[in-house]
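Please go through this report with the sequence and the 3D view side by side.

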Amino acid sequence: MHNKNKMYEFEKIAIIAVIVMFALIIGLVLFATKDSGRPSTDAPSVGQLDGSEEGSGDGNGLLSGVPSVAPEKEIEFVSVDVDNTKLNDGALILVNQDHKYTADISSSLENLYSYNQKEGNTTDWYGLVNVKQSLKKEVLDALNDMYRDFYAALESTDVTITKTFVDSETQQQEYESIYESADVGKKPYLQAGGCSEHQTGLAFNLRAPDASLSWFKDNCWKYGFVARYPEGKETVTYVKDEPNHFRYVGVPHALYMKLNKLVMEEYLGLLETKTSTSRLKLDVGTADKYETYACKAENGATTKIMVPAENSGWSYMISGTNNGYFVVTIYQLQG
Ligand SMILES: [Zn+2]
């Protein structure tokens with residue numbers, strides 16, 4: 001009896017010891033999980049999510065097994081020196097009556113006629129008003145991509161590119177030739193030499209039937225274009241009667257401006273309030289990530305700009321604004 005009791009006692013102690021050890025192990029595991037992920041590993045850390053996380057709705061391009069809400073990892077930024085001569089270079093330069101454009105961009109232009117001939121597609125193609133029309137190469141590529149999709153959708157060839165790059169002198173001559181005969185109410189909206197976006201090689205006018213023009217207005221953002229002078233924004237843009245003028249800014253910016261009904265003047269004003277630590281997220285509806293912010297140019301030859309570090313997994317582009325700022329667009333493409 002006595003012996004049996006002792007045995008029972010021993011079993012009880014053994015069971016308690018096992019329970020305590022088990023509890024200790026669980027405690028240790030929980031502690032270790034809580035602390036990992038923050039410093040240098042890529043492990044998801046739920047605690048780092050902030051309220052501004054973009055929606056995870058579509059899940060496009062996400063690998064199975066990856067959590068649908070990706071963990072937000074702080075991006076490491078470093079400073080680079082950018083030449084201030086780049087202030088009037090890039091897809092986000094602002095040109096209007098208050099911001100004249102004087103840069104000579106002739107060496108970066110591509111002739112539409114000869115380029116399209118080279119592409120070997122002389123039927124089913126948009127019309128040109130002369131063989132001298134030119135645009136910046138990346139803009140022409142975007143225009144051609146847009147036109148191909150337009151043609152596939154509507155099979156209309158009744159589209160003509162009426163105005164492309166214009167140099168400052170030609171713009172001034174055009175202005176003088178129409179100024180005298182223009183209605184008094186329209187005179188303030190006419191663009192003298194230096195004040196036209198056409199001098200940047202980033203803009204073109206298009207002539208097409210209404211249904212076609214609507215397609216371009218709805219879809220142009222996919223190719224990086226904005227309908228630059230929408231009705232109702234004349235007091236901001238100081239351009240009237242140019243509903244067919246398209247301007248290249250790049251896809252993420254074009255979509256944000258379209259969704260938020262902002263013209264360039266307003267959008268750049270918004271970006272000027274953003275910094276590398278208060279970035280604007282640009283959702284393009286895919287897993288690709290874009291964020292943007294601005295940096296005021298410093299006096300002198302260069303400006304120090306914060307950009308993602310080389311090993312951060314983020315790439316970046318910098319554009320001047322022709323208005324004393326640089327805009328940085330950082331991006332992470334998912335394959
Ligand atoms: Zn125009």
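## A histidine in a loop

His198 sits in the loop between helix H4 (168-179) and S6. Helices (H or I, at least four residues) and strands (E, at least two) are DSSP runs, numbered from the N terminus. This is a predicted model: local features need pLDDT of at least 70, side-chain atom pairs count only at pLDDT 80 or more, and totals for chains, interfaces and linings use all residues. Residues are numbered from 1 along each chain as its sequence is written, and side-chain values use heavy atoms, with hydrogens and water left out.

Is His198 buried or exposed? His198 is buried, because its relative accessible area is 1%. Buried means under 20% relative accessible area, exposed over 50%, partly exposed in between (1.4 Å probe, protein chains only). Leaving aside neighbours within four places in sequence, His198 is in contact with residues including Lys163, Phe165, Phe204, Glu242 and His245. Contact means heavy atoms within 4.5 Å.

## The zinc site

The zinc ion has these protein donors: His198 (NE2), Asn205 (OD1), Glu242 (OE) and His245 (ND1). They lie 1.7 to 2.1 Å from the ion. Donors are N, O and S atoms within 2.8 Å of the metal (3.2 Å for Na, K and Ca); water is not among the atoms, so sites may look incomplete. Along the chain, the donors follow the spacing H-x6-N-x36-E-x2-H. Asn205, like His198, is buried.

The site is irregular, with angles of 92 to 150 degrees among the 4 donor atoms. Four donors count as tetrahedral if all angles lie between 85 and 135 degrees; four count as square planar and six as octahedral if opposite donors are over 155 degrees apart and all others between 65 and 115; anything else is irregular.

## Nonpolar cores

The largest nonpolar core has 31 residues. Tyr126, Leu143 and Phe216 are among those with the most contacts inside it. Such a core is a set of buried Ala, Val, Leu, Ile, Met, Phe, Trp, Tyr and Cys residues joined through side-chain atoms within 4.5 Å. Helix H3 (137-154) and strand S6 (203-207) are among the elements that each supply at least two residues of this core. H3 gives the largest share, 7 residues.

Beyond four places in sequence, Phe216 is in contact with Met146, Tyr147, Phe150, Val159, Leu206 and Phe246. A second, separate core of 21 residues includes Leu255, Met257, Leu268 and Leu271.

## The whole chain

The chain has 8 helices and 13 strands. Buried residues make up 39% of its 335 residues.
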